[in-house]
Amino acid sequence: MRRNRRHLAYAILSLQGPRSREILQALSGADLSTKAVPFRQSCMPEIGPMPLRSVRVTHMGKLTYELNIFTEYSLATHDAQIGAIRAAGVLPVHCGVLTLD
């Protein structure tokens, strides 16, 4: 039996809150309107040269985007995300929800 470890190739960052759409649109240039990306749907924006899959979800009733990124782009994507959050005048909050082995 061959085991597939493709999940090790991805990292997930989350962008949550009422301004998350505005911040991610500014960062990626993608149309993230409700019409373009309805709830529980995904799109494939890019942050600079970094491809990712963005999934529109909700946590605690707030607008949230989960960003699925190739692991090798995770640090650069994180840094770009934090820069965009700060540029929007929002204080970034770092928190880990769950770590899987």
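Colleague: In which element of the protein is confidence lowest, and in which is it highest?
Modeller: This is a predicted model. Confidence is lowest in strand β4, residues 50–59, where the mean is 88. It is highest in α1, at 94.

Colleague: And what is the mean pLDDT of the protein?
Modeller: The mean pLDDT is 85, and 85% of the residues reach 70 or more. Where pLDDT is low, the predicted coordinates should not be read in detail.

Colleague: Let us turn to the strands. In what sense do β4 and β5 pair, and over how many bridges?
Modeller: β4 and strand β5, residues 62–70, pair in the antiparallel sense over 8 bridges. As one example from this pairing, R56 has Y65 in β5 as its bridge partner.

Colleague: How many bridges join β3 and β4?
Modeller: Strand β3, residues 46–47, pairs with β4 over 2 bridges in the antiparallel sense. There, I47 has M50 in β4 as its bridge partner.

Colleague: Which residue in the hairpin of β3 and β4 takes a positive phi?
Modeller: That residue is G48, with a phi near 60°. The hairpin has 2 residues between its strands.

Colleague: What about β2; in what sense does it pair with β4?
Modeller: Strand β2, residues 42–43, and β4 are antiparallel, with 2 bridges between them.

Colleague: A change of topic: where does S20 lie?
Modeller: S20 lies in helix α1, which covers residues 20–28.

Colleague: Is S20 buried or exposed?
Modeller: S20 has a relative accessible area of 1%, so it counts as buried. Beyond its neighbours within four places in sequence, S20 is in contact with L15, L63, T64 and Y65. Y65 is also the β5 bridge partner of R56.

Colleague: Which backbone oxygen lies 2.8 Å from a polar atom of the S20 side chain?
Modeller: It is the backbone oxygen of G17.

Colleague: One last topic: how many salt bridges are counted?
Modeller: The count comes to 1 salt bridge. The side chains of R19 and E22 form it, with 2.7 Å from N to O.

Technical notes: Residues are numbered from 1 along each chain as its sequence is written. This is a predicted model: local features need pLDDT of at least 70, side-chain atom pairs count only at pLDDT 80 or more; totals for chains, interfaces and linings use all residues. Side-chain values use heavy atoms; hydrogens and water are left out. A salt bridge is a side-chain nitrogen of Lys or Arg within 4 Å of a carboxyl oxygen of Asp or Glu. Helices (H or I, at least four residues) and strands (E, at least two) are DSSP runs, numbered from the N terminus. Buried means under 20% relative accessible area, exposed over 50%, partly exposed in between (1.4 Å probe, protein chains only). A polar contact is a pair of N or O atoms within 3.5 Å; within protein, one must be able to donate a hydrogen and the other to accept it, and residues adjacent in sequence count only if both atoms are side-chain atoms. Contact means heavy atoms within 4.5 Å. pLDDT is the predictor's confidence in each residue, from 0 to 100. Two strands pair if DSSP finds at least two bridges between them.
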